[in-house]
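Please look over the model shown here before reading the points.

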Amino acid sequence: MFREYDQAQFKTIYDQWRERICADFSPHQPINIIGIRSRGQTLAQRLMQSMTAHGFKHIGQGVLDITLYRDDLSEIGPRPLVRPSEINLQLDGVPVLLVDDVLFTGRSVRAGLDALTDFGRPSVIKLAVLVDRGGRELPIQADYVGLTLRDVPNSHRVNVLLTENDGRDAITVDPRP
Amino acid sequence: MSIKQTMSTNTPLWTRNHLLGLQSLSSQEINFILDTAASFKEVSTRSIKKVPALRGKVVVNAFWEDSTRTRTSFQLAAQRLSADVIDFSEKGSSVSKGETLIDTARNIEAMGVDVIVVRHRAAGAAEMLARTLKCSVVNAGDGAHEHPTQGLLDLYTIRERFGRIEGLKVAIVGDISNSRVARSNLWGLSKLGAEVYLIGPTTLCPRAFEKYGAKVVHDFDSVIGQVDVINMLRVQFERIQSSQFPSVREFSQMYGLTWDRFQRCKKDVFIMHPGPMNRGIEIQSEIADGPQSGILTQVTNGLAVRMAVLYLVTQAA
């Protein structure tokens with residue numbers, strides 16, 4: 001293993017990230033939190049819960065499956081199952097917080113932005129990622145970053161593990177299989 | 001009713017670049033298409049009913065036989081995936097000048113086509129094209145052999161209605177011998193664990209089907225109270241002259257879904273028909289338009305299923 005952030009370190013990273021997000025939005029204004037499948041979806045759910053606890057009253061929640069919007073469809077081999085997007089929200093004129101676990105090339109986020117515009121026109125879209133590992137291939141930046149890793153080689157994978165999906169909270173950096 | 005996605009941790013991946021029939025697919029592959037279709041159904045509920053998955057790809061609808069539903073459905077499915085769609089039909093083409101199926105298909109392919117959706121009166125036409133061409137081939141009906149997307153949309157509609165397919169008793173009624181819909185349904189339903197009853201006169205519903213696991217029944221009334229789904233096939237008037245076929249009146253009395261028969265069905269029986277319907281012959285209008293009819297749902301689901309199929313065959317290629 002290249003590096004690991006354990007449960008306690010994860011909690012510090014996550015809490016600071018969440019606080020910065022909460023501080024930037026008004027609890028009295030509507031906001032839509034949309035996660036990119038599948039870890040982004042879990043993070044979005046967590047954010048929604050803690051923002052509700054912080055007094056946010058008008059939170060909409062949605063899930064984006066970006067498979068059909070990827071520009072590298074033909075390069076990633078046999079297809080995994082396409083799953084539905086769940087955006088039963090009024091997007092027009094409301095801010096969106098787009099949530100994903102790791103920001104790398106930026107291609108997932110680009111696909112997410114394309115998908116979002118097919119559902120409506122948010123007043124603003126902010127991007128929140130738990131880990132920014134650099135290596136961008138597109139001019140895309142996150143507005144809220146929990147942890148920045150500057151020296152992860154391309155041969156390695158950054159994994160955000162979440163209790164809901166993986167049984168524990170952690171961030172690991174491993175060589176690609 | 002929402003669909004439970006039958007996903008496991010080791011979800012099998014789709015690797016085929018053709019869809020020729022359901023007989024050659026595994027139950028996992030069939031479920032994979034149905035699960036994918038469930039996701040594509042969501043696209044049709046958006047205000048912008050389009051995704052860019054097949055942008056820049058070309059889909060040709062090559063129909064050597066008439067069709068309304070299937071052709072329109074494939075066309076719309078391809079357009080919702082942002083593909084370019086070309087329509088080819090036998091009438092008004094060089095086929096009437098004597099060009100063979102293979103030559104026509106090769107010429108269409110030479111224009112840089114990614115998928116050919118083919119319907120032809122000869123059984124095996126799609127398979128022959130798949131062996132000859134480099135592009136993906138989707139069978140939209142070949143003779144009395146298979147009509148896989150119809151079979152899939154029927155499976156999808158049944159699964160959506162009951163939440164499962166395994167253990168259901170499904171009757172397919174009518175001219176079984178000449179029906180590709182019956183065959184694709186038989187393969188799909190039995191692979192997914194349904195009990196299939198093939199029902200029709202001895203001339204049109206031979207016992208030979210029993211070796212594929214179906215129950216062959218010549219007396220519709222003997223099983224009508226037991227089945228969960230009744231799929232009524234169209235009376236094919238183009239074959240009605242043949243000696244295999246009883247008179248329309250006799251057929252309608254013995255195998256038509258009349259109001260009287262409908263009263264003897266299970267309370268929650270689900271009625272299906274692949275279309276086009278002959279109202280008053282194989283199915284009474286009140287039943288076809290009634291609350292237990294899934295006929296228009298079948299058409300709606302057909303679009304999602306065809307989107308899934310076009311997407312999957314192009315991604316595997």
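1. Just past helix α5 of chain B, B:Gly163 has a positive phi of about 80°. Helices here are DSSP runs of H or I with at least four residues, strands are runs of E with at least two, and both are numbered from the N terminus.

2. The model is predicted: local features need pLDDT of at least 70, side-chain atom pairs count only at pLDDT 80 or more, and totals for chains, interfaces and linings use all residues. Residues are numbered from 1 along each chain as its sequence is written, chains are lettered from A and ligands numbered from 1 in the order in which they are written, and side-chain values use heavy atoms, with hydrogens and water left out.

3. Helix α5 of chain B covers residues 148-162, 15 residues in total. From first C-alpha to last, α5(B) reaches 21 Å, close to the 21 Å expected at 1.5 Å a residue; the expected span is 1.5 Å times one less than the number of residues.

4. Of the 15 residues in α5(B), 14 are buried (under 20% relative accessible area, with a 1.4 Å probe and protein chains only).

5. Chain A contains four helices and eight strands. Their order from the N terminus is β-α-β-α-β-β-α-β-β-β-α-β. Chain A is as compact as a globular protein of its 177 residues, because its radius of gyration of 16 Å is close to the 16 Å from the globule rule (taken over C-alpha atoms; the rule is 2.2 Å times the number of residues to the power 0.38).

6. In chain A, 53% of the 177 residues are buried. The C-alpha trace of chain A spans about 45 × 40 × 30 Å along its principal axes.

Technical notes
Buried < 20%, exposed > 50% of the residue type's maximum accessible area, 1.4 Å probe, protein only.
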